[in-house]
Every structure is written in C-alpha cells, then in structure tokens.
Amino acid sequence: MLILRRSSPFRQILRRCHKEAIEKSSNGKGNLTAFFGKWPEGEQKDFQQHMRIITDFISEAEERQLHEEIEPYMSRLRYEFDHWDDAIHGFRETERKKWFPQNREVLERVRQVAFDGAIMPYVHILDLAPDGVIKPHVDSTRYCGTTISGISLLSDSVMRLVRTDAQRYQQQQPTAGNASTSESKGTDVDATDDAAYRHRPEASLENNFYADLMLPRRSLYIMSHTARYNFTHEILAKEHSSFQGTPVPKTRRISIICRNEP
C-alpha cells in the first residue's frame with residue numbers, strides 16, 4: 001500500500017489537480033449548484049457569473065487559526081432566538097477590524113479574489129447555531145456594496161437563492177454622516193444595530209425560479225451584482241438541509257463575511 005506523507009510532492013500534485021477540477025466544476029456550477037424552475041437563458045448566465053464558489057479556499061490550519069482568534073469573543077455572546085431581526089434565528093454576530101497577521105493574510109486573499117478594490121475595514125462574523133436558520137433576505141445597500149463574500153467555517157451548508165422583483169422593495173441609501181455601528185463604536189461590536197440591515201422581499205418557490213448551492217466547509221462564496229440584488233438568499237435549516245436529494249448535515253456554522261463599500 002502506498003503511503004503519502006503530508007508534504008510529499010506527489011500528494012501536493014494530487015491535491016492541486018483535485019482542487020483545480022473542483023474549481024472548474026464550481027465555475028461551471030456542474031456540481032455545486034442545482035437550478036430549479038424556468039430560468040431565462042440570459043439571467044441564468046448572469047447568475048453563473050455573479051455567484052461563484054471556490055472550494056478549499058482555506059486549509060484546515062487556516063480554518064483553525066481563524067476559529068481560535070474569534071472563539072474567545074464569540075463564546076461570551078449568547079445565541080439570539082427571539083430578536084428584532086426575523087431574518088435569522090439562533091445566531092450571534094459581531095464585526096472585527098483587527099486580526100492576527102496570519103488571518104489578515106487570508107482576508108487579503110479574499111480581497112484579491114472577490115473584489116475589484118478595497119473591502120470595508122470591519123469584517124462581519126456570523127455564528128449560526130446547529131438549530132439556527134437564516135431566512136430568505138436581501139442585505140441592505142445601506143451597509144453592503146455590490147459584492148458580499150463569505151468563508152464557511154466548521155460545517156457544510158446549503159444556500160438557496162430565489163428570484164425576487166427588485167422593484168417590490170425599497171432600500172434606504174446611505175447619507176452623509178450616517179455611519180454604521182462599527183464605524184461609530186470601533187472594535188468588536190454587535191452588527192444588529194438597524195432593522196434596515198436586512199430586507200425580506202416577497203419570494204416564493206411556486207412563483208419564482210431559484211438555485212440551491214452547496215457550500216462546503218472551508219469554501220468561499222462570492223455573491224455580486226445580479227445574485228446580490230435580484231435574489232433572496234438563505235441558509236437552509238438543519239431539517240431541510242439537502243442538496244440534490246442528499247442530506248447535508250449542518251452543525252454549528254461560522255461565516256467570515258467581507259463586503260465592499262455601499
């Protein structure tokens with residue numbers, strides 16, 4: 001039996017080939033996205049361009065480093081199950097500006113891959129309990145620009161995006177002197193300061209086309225433009241977490257979310 005050492009050149013070649021194959025399939029949405037309903041050809045093409053998934057974006061060691069940095073703070077918070085933000089149940093969240101050097105390098109990689117320019121200095125951390133759920137919503141343009149990108153820690157999960165009519169909801173635009181919580185308070189802060197942070201426009205599976213996306217642990221999703229504005233997004237609850245008929249066990253999930261300026 002052939003035993004490969006962790007750092008052997010052959011193992012590295014195998015891992016690189018495997019990663020390249022997965023990234024190609026993710027770009028083509030062959031394995032990580034399932035489409036439902038009658039998609040207009042042009043809109044499906046735009047969606048494929050604007051909703052990307054990169055598997056194994058971080059290594060196990062990098063996941064551990066990120067988790068070790070944020071866990072001491074997150075563990076002091078309680079999960080919210082009865083909260084003003086009806087879009088999420090069973091969650092705790094914060095924003096962080098200062099990171100250990102090795103984790104700052106990971107975030108710089110996110111910036112280079114997912115964004116054309118700079119990202120907002122405060123990175124959003126969303127901790128979802130095993131029984132937690134993120135309901136369909138569209139993040140407000142008041143707090144988020146054209147792109148939202150997230151690293152998935154600790155668990156696989158399934159994200160569902162459902163087409164909605166962008167004209168059926170209004171989003172308040174940022175005004176001069178209107179700073180976010182992180183900008184006004186600094187350091188680690190609660191990101192749930194304003195009910196306008198997340199909008200929940202009407203979107204039903206019976207009347208709209210939609211897509212389910214497999215988000216593997218340690219993957220990076222990049223949601224921009226069409227996918228960002230015209231679709232609600234949600235993380236399926238544990239009891240509904242499946243992809244193309246196969247159950248996807250969802251445990252505690254932490255997402256490290258970067259955004260560009262509104």
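A residue is called buried when its relative accessible area is under 20%, exposed when over 50% and partly exposed in between (1.4 Å probe, protein chains only). The model is predicted, so local features need pLDDT of at least 70 and side-chain atom pairs count only at pLDDT 80 or more, whereas totals for chains, interfaces and linings use all residues. Residues are numbered from 1 along each chain as its sequence is written, and side-chain values use heavy atoms, without hydrogens or water.

Select helix α3, residues 60-74. Helices (H or I, at least four residues) and strands (E, at least two) are DSSP runs numbered from the N terminus. The 15 residues of α3 reach 20 Å from the first C-alpha to the last, close to the expected 21 Å, which is 1.5 Å times one less than the number of residues. At Glu68 the helix bends by about 30 degrees, with Pro72 following within four residues; the bend is the angle between axes fitted to the seven residues ending there and the seven starting there.

Next, display the buried residues of α3: Glu62, Glu63, Leu66, Glu69, Ile70, Tyr73 and Met74. They pack against β3 (88-96), α4 (101-114), β4 (123-139), β5 (147-153) and β13 (253-259).

Then select Phe47, Met51, Leu161 and Tyr221, which touch the most other members of the largest nonpolar core, a set of 32 residues. Such a core joins buried Ala, Val, Leu, Ile, Met, Phe, Trp, Tyr and Cys residues through side-chain atoms within 4.5 Å. Strand β8 supplies the largest share, 4 residues. Apart from this core lies another, of 24 residues, among them Phe57 and Leu107.

Methods. Contact means heavy atoms within 4.5 Å.
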